[in-house]
Amino acid sequence: MENEKTQNGGKPATKVKLRLDVKDVVRKRKIDEQNDEGGITILHEDNHLLVVLKPQNMPTQGDSSGDSDLLSELKKYLVEKYNKLGDAYLGLVHRLDRPTGGVMVFAKTSKAASRISSQIRDVDGEFEKTYLAVVSGRPSREGKIEHYLAKDEKANMVAVVPSSLEGAKKAEAEIKVLDETDGMSLVSVNLITGRSHQARVQLKSLGSPIVGDVKYAGDKLIKSPHLALWAYKLVLNHPVTGEKLKFLALPPAEFPWTEFDTENLIDIVRPQSGSHYKL
């Protein structure tokens, strides 16, 4: 781990460096292939937290599909590792949509879950979840973007709607274009709010749907092996020690990510050797 002083002179932020082979671990995207290889990579574990890389196309928790889900697999891991009788507690404090992969944090105690949830609810707080996306064209605007969204539960679709519509929820994000090539842009998306399908719908509303997004892209669809949306950075205060933790992970080495020099365009820490588990 490497400590670095925060800009305001407060507590140091800890960048958790990943092993050299982590990029290789997440290259294969099919769930059965991931499980054959050992699958889910654990980036950090202590008595209070479990930080992992969620595979793309794996549900965060059980759903009607009956497919293997991340929460259940991690509970199995805890039961086996610590020889627990019965079920293991693991608090689900935030989610990633099924097609989205990347860094997620789980709470190993109810106290940690409560404190992390408080950080997430505080829009001016320390919890920060930042995505990378490859989009069609270039978004019509950058900076702080605000929309109101409503979800059709039956169709599992979200739309931008007037703020006056009953049930409309405010959605805010910070969007920055990092690079452009061949009719696509690499953008960072810092979600200030956490609405369902938020990044996908807001980028579509800016004229630049995410590559591989068959649900929202319409006639602007650029085909790719998977939805090009990746939760690459997670920042939070440790729920017990208060230490600021920063976790980073490169997107998979496949199209369209390989069209961009992601290692030099984002604040990824160069990997170094260190312990991690593969489930």
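Reply: Helices (H or I, at least four residues) and strands (E, at least two) are DSSP runs, numbered from the N terminus. H238 lies in the loop between strand 12 and strand 13 (244-248). This is a predicted model, in which local features need pLDDT of at least 70, side-chain atom pairs count only at pLDDT 80 or more, and totals for chains, interfaces and linings use all residues. Residues are numbered from 1 along each chain as its sequence is written, and side-chain values use heavy atoms, with hydrogens and water left out.

Me: Is H238 buried or exposed?

Reply: Buried means under 20% relative accessible area, exposed over 50%, and partly exposed in between (1.4 Å probe, protein chains only). With a relative accessible area of 7%, H238 is buried.

Me: Which residues is H238 in contact with, leaving aside its neighbours within four places in sequence?

Reply: Contact means heavy atoms within 4.5 Å. With those neighbours left aside, H238 is in contact with D46, H48, L49, E243 and L245.

Me: What should the 12 residues of helix 4 span?

Reply: The expected span of a helix is 1.5 Å times one less than its number of residues. For helix 4 (residues 110-121) this gives 16 Å, and the end C-alpha atoms are 16 Å apart, which agrees.

Me: Which residues of helix 4 are buried?

Reply: They are A112, A113, I116 and Q119. These residues cover an arc of only 125 degrees around the axis, which puts them on the same side of helix 4; the arc is that of the directions from the helix axis to the C-beta atoms. The buried residues pack against strand 4 (49-54), strand 6 (101-107) and strand 12 (229-237). On the face turned away from the buried side, helix 4 carries the exposed residues S110, K111 and R121.

Me: Where do nonpolar side chains tend to be in soluble globular proteins?

Reply: They tend to be buried together. A nonpolar core is a set of buried Ala, Val, Leu, Ile, Met, Phe, Trp, Tyr and Cys residues joined through side-chain atoms within 4.5 Å. Here the largest nonpolar core has 62 residues, and those with the most contacts inside it are V52, V105, F106 and V189. Strand 12 supplies the largest share of this core, 6 residues. A second, separate core of 5 residues includes L149, V158, V201 and Y216.
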